[in-house]
Amino acid sequence: MVKGSYLEMAGRGVVVARGLAGFLGLHTGDTLVLIGQGFHGVSAAGKFPVRGIIHLPSPPLDNQVI
């Protein structure tokens with residue numbers, strides 16, 4: 001854990017890898033909007049506060065993981 005805190009059972013939020021956070025300009029306390037596709041092509045979206053930033057030793061993972 002580089003900044004912030006780990007996720008809690010009752011809380012809502014995400015932990016972002018350091019490389020991706022740097023690329024997106026994210027800091028703890030920012031909000032990340034994730035947009036995807038749900039079942040049968042239905043749009044799925046959600047807003048998630050960034051609770052923490054972690055460093056992963058694998059560069060490809062450090063640049064991709066939420």
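The turns below go through the terms one by one.

Modeller: This is a predicted model, in which local features need pLDDT of at least 70 and side-chain atom pairs count only at pLDDT 80 or more, while totals for chains, interfaces and linings use all residues. Residues are numbered from 1 along each chain as its sequence is written, and side-chain values use heavy atoms, with hydrogens and water left out.

Biologist: What makes a stretch a helix or a strand?

Modeller: Both are DSSP runs numbered from the N terminus, a helix being H or I over at least four residues and a strand being E over at least two. The chain has two helices and four strands, in the order β-β-α-β-β-α from the N terminus. Helix α2 covers residues 59-62 and holds Asp-62.

Biologist: Why is Lys-47 called exposed?

Modeller: Exposed means over 50% relative accessible area, buried under 20%, and partly exposed in between, with a 1.4 Å probe and protein chains only. Lys-47 has a relative accessible area of 60%, so it counts as exposed. Lys-47 is in strand β4. Of the 66 residues of the chain, 24% count as buried.

Biologist: What does Lys-47 contact, leaving aside its neighbours within four places in sequence?

Modeller: Contact means heavy atoms within 4.5 Å. Lys-47 is in contact with Arg-12, Thr-31, Leu-32 and Val-33, those neighbours left aside.

Biologist: Why does Asp-62 have no salt bridge?

Modeller: A salt bridge needs a side-chain nitrogen of Lys or Arg within 4 Å of a carboxyl oxygen of Asp or Glu. Lys and Arg count as positive, Asp and Glu as negative, and His and the chain ends are not counted. For the buried Asp-62, the nearest side chain of opposite charge is Arg-18, 4.2 Å away. Arg-18 is still among the residues that Asp-62 touches, as are Ala-17 and His-55.

Biologist: What lies between β3 and β4 in their hairpin?

Modeller: Five residues lie between these strands, and in this hairpin His-40 takes a positive phi near 60°.

Definitions and conventions
Two strands pair if DSSP finds at least two bridges between them.
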